[in-house]
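Subject: Structure handover

Hello,

Here is the structure I promised to pass on.

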Amino acid sequence: MKLLIASDIHGSATWCKKLLARFNEENADKLVLLGDILYHGPRNPLPDGYAPMSVFEMLNSIANKIIAVRGNCDSEVDQMVLNFNVSSDYAEIFDGGVKLTLSHGHRLVPPLGVNDVYVTGHTHVPLNAVEENGYIHLNPGSVSLPKENSPHGYILYENGTFTFKDTDGKAYDRREL
């Protein structure tokens, strides 16, 4: 299974288009979105190419390939225009012996075991860490509004390997299970 994992598009058609180009070029099976898809949020500036209607049209064209969780800027109105589920706070994906727990990152951490993988967005800053109780915490950063001089990026998952990439496809970090 090959997953492209991204977060925090925040309504940017410019960056959504780049993300979907990477999704196609990477030949991923699923696009995993970790929330904050359409709305920019009251604490964020308008991202380049802010056009939520264009974003939902682009994403709806591949709705059958999307797994998504709700972010703190996503609402019931967003679900009315999106043709994939964006109403769940958490989701899980199992790939052989690998368990990925997905969340936007603004809710409590669910129960996780040693070597479980918790993938969140929300902070707009990439993260590749092992937490105190032994679970792996990953964050792809933000597609459209990265913070702390991090790249516009995503994570590519395949065969137990998580590769952090910028939206040009250049790898800059890795986690192997």
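**What was found**

A polar atom in the side chain of Asn-44 lies 2.7 Å from the backbone oxygen of His-40. That is a polar contact (a pair of N or O atoms within 3.5 Å; within protein, one must be able to donate a hydrogen and the other to accept it, and residues adjacent in sequence count only if both atoms are side-chain atoms).

A word on the source: this is a predicted model, in which local features need pLDDT of at least 70 and side-chain atom pairs count only at pLDDT 80 or more, while totals for chains, interfaces and linings use all residues. Residues are numbered from 1 along each chain as its sequence is written, and side-chain values use heavy atoms, with hydrogens and water left out.

**More on Asn-44**

Asn-44 sits in the loop between strand 2 (30-33) and helix 2 (52-60). Helices (H or I, at least four residues) and strands (E, at least two) are DSSP runs, numbered from the N terminus. Asn-44 is buried, at 15% relative accessibility. Buried means under 20% relative accessible area, exposed over 50%, partly exposed in between (1.4 Å probe, protein chains only). Leaving out residues up to four places away in sequence, Asn-44 touches His-10, His-124, Leu-145 and Lys-147. Contact means heavy atoms within 4.5 Å.

**Helix 2**

Which residues of helix 2 are buried? They are Val-55, Phe-56, Leu-59 and Asn-60. Seen down the axis of helix 2, they fall within an arc of 125°, so they line one face of the helix. The arc is that of the directions from the helix axis to the C-beta atoms. Their cover includes helix 1 (13-26), strand 2, strand 3 (66-68) and helix 3 (76-81).

Five strands form an open sheet in the order 4-5-6-8-7, with mixed pairing. Strand 4 (90-95) and strand 7 (126-130) are the edges, each pairing on one side only. Two strands pair if DSSP finds at least two bridges between them. Strand 5 (residues 98-103) and strand 6 (residues 117-119) run parallel, joined by three bridges. Leu-102 stands opposite Val-119 in strand 6.

**Cysteines**

Cys-16 is buried, at 0% relative accessible area. Cys-73 is buried too, at 11% relative accessibility.

Best wishes
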